Each structure stands twice: as structure tokens, then as C-alpha cells.
Amino acid sequence: MSVSGKATILLYGLDAALERELISVLGQFEVRTCHTDELEGVETADLVFCSALGAQLRHVLQVTQQGPARPPVIVVSRLPEVSRWLDAMEAGANDYCAAPFEKKHLGWILRSNIPTLQLSAA
């Protein structure tokens with residue numbers, strides 16, 4: 001958790017439209033974006049949302065599994081595709097979600113992956 005007590009969520013490798021959609025639903029959290037291979041800020045993230053693209057997903061899973069914090073990784077896609085969901089889960093992701101993002105569904109994902117999280121009524 002950040003100094004403010006809010007969960008820190010890192011968005012990695014998402015296109016601008018997906019980032020905007022997620023940020024609009026995740027307004028009560030500290031949300032940061034990252035578009036570099038170094039995954040800046042992953043060490044302080046409580047959760048990482050990343051692209052469903054294979055190379056980016058493999059990279060973020062490799063980096064997060066090496067660090068001491070090991071934040072959960074949620075794969076994000078523009079379209080809900082069963083094959084991408086299965087690929088993501090087999091690769092080691094914690095969950096998968098697709099646009100359009102709903103507060104109730106994202107709330108469930110957040111509560112499932114950040115056990116200490118207290119969500120305000122949505």
C-alpha cells in the first residue's frame with residue numbers, strides 16, 4: 001500500500017484507450033502507468049494489470065516473480081477471448097479481464113488478489 005493508504009496499481013504495456021477505461025473505474029486507487037521494459041514501480045505495486053500480448057505478459061510475469069513483493073498480475077484484453085484467458089492463466093497470471101470494465105467485476109478481482117483491501121461501496 002502507498003503512503004496514502006491506497007492500493008497501488010501498475011498498468012503495464014496497455015494501449016491508451018484501455019488505460020483510460022481502467023483508470024476511470026479504478027479512481028479510488030493510486031494508479032501508475034509503465035511503458036518501459038524495466039517495469040518502473042513494480043516493486044511498490046500491490047497489483048499489476050498488463051497487456052494480453054504474449055511477449056509483454058511473459059516479461060511482466062518473469063519480473064514480478066523475481067522480486068520480493070511478487071504482486072499479482074491481471075491480464076487485460078480489448079476483447080474477451082477464451083484462448084487468451086487460458087494462455088494467461090497457463091503462463092501464471094492471477095486473473096484475466098476484458099473491456100468494457102465494470103466496477104463490480106473489477107472489485108471482485110481486486111478483493112480476490114489484495115486480501116487486505118478495503119473497498120468503498122461502488
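How many residues of strand β1 (residues 8-12) are buried? Five of its five residues are, so "buried" needs a meaning: under 20% relative accessible area, with exposed over 50% and partly exposed in between (1.4 Å probe, protein chains only). The strand is mostly covered. Strands here are DSSP runs of E with at least two residues, helices are runs of H or I with at least four residues, and both are numbered from the N terminus.

This is a predicted model: local features need pLDDT of at least 70, side-chain atom pairs count only at pLDDT 80 or more, and totals for chains, interfaces and linings use all residues. Residues are numbered from 1 along each chain as its sequence is written, and side-chain values use heavy atoms, leaving out hydrogens and water.

Stay with β1. Both of its faces are covered. T8, L10 and Y12 are buried on one side, I9 and L11 on the other.

Now look at its partners. Two strands pair if DSSP finds at least two bridges between them. β1 runs parallel to strand β2 (residues 30-34), joined by five bridges. There, T8 stands opposite E30. Between these strands the chain passes through helix α1 (residues 16-25), and this β-α-β crossover is right-handed. That is, with the strands pointing away from the viewer, the path from the first strand over the helix to the second runs clockwise. β1 also pairs with strand β3 (residues 47-51), in the parallel sense, over four bridges. Y12 has C50 of β3 as its bridge partner.

Next, find helix α4 (residues 103-113). Its buried residues include L106, G107, I109, L110 and N113. They lie on the same side of α4 because they cover an arc of only 165 degrees around the axis, taken from the directions from the helix axis to the C-beta atoms. The buried residues of α4 pack (heavy atoms within 4.5 Å) against β1, α1, β3, β4 (73-77) and β5 (95-98).
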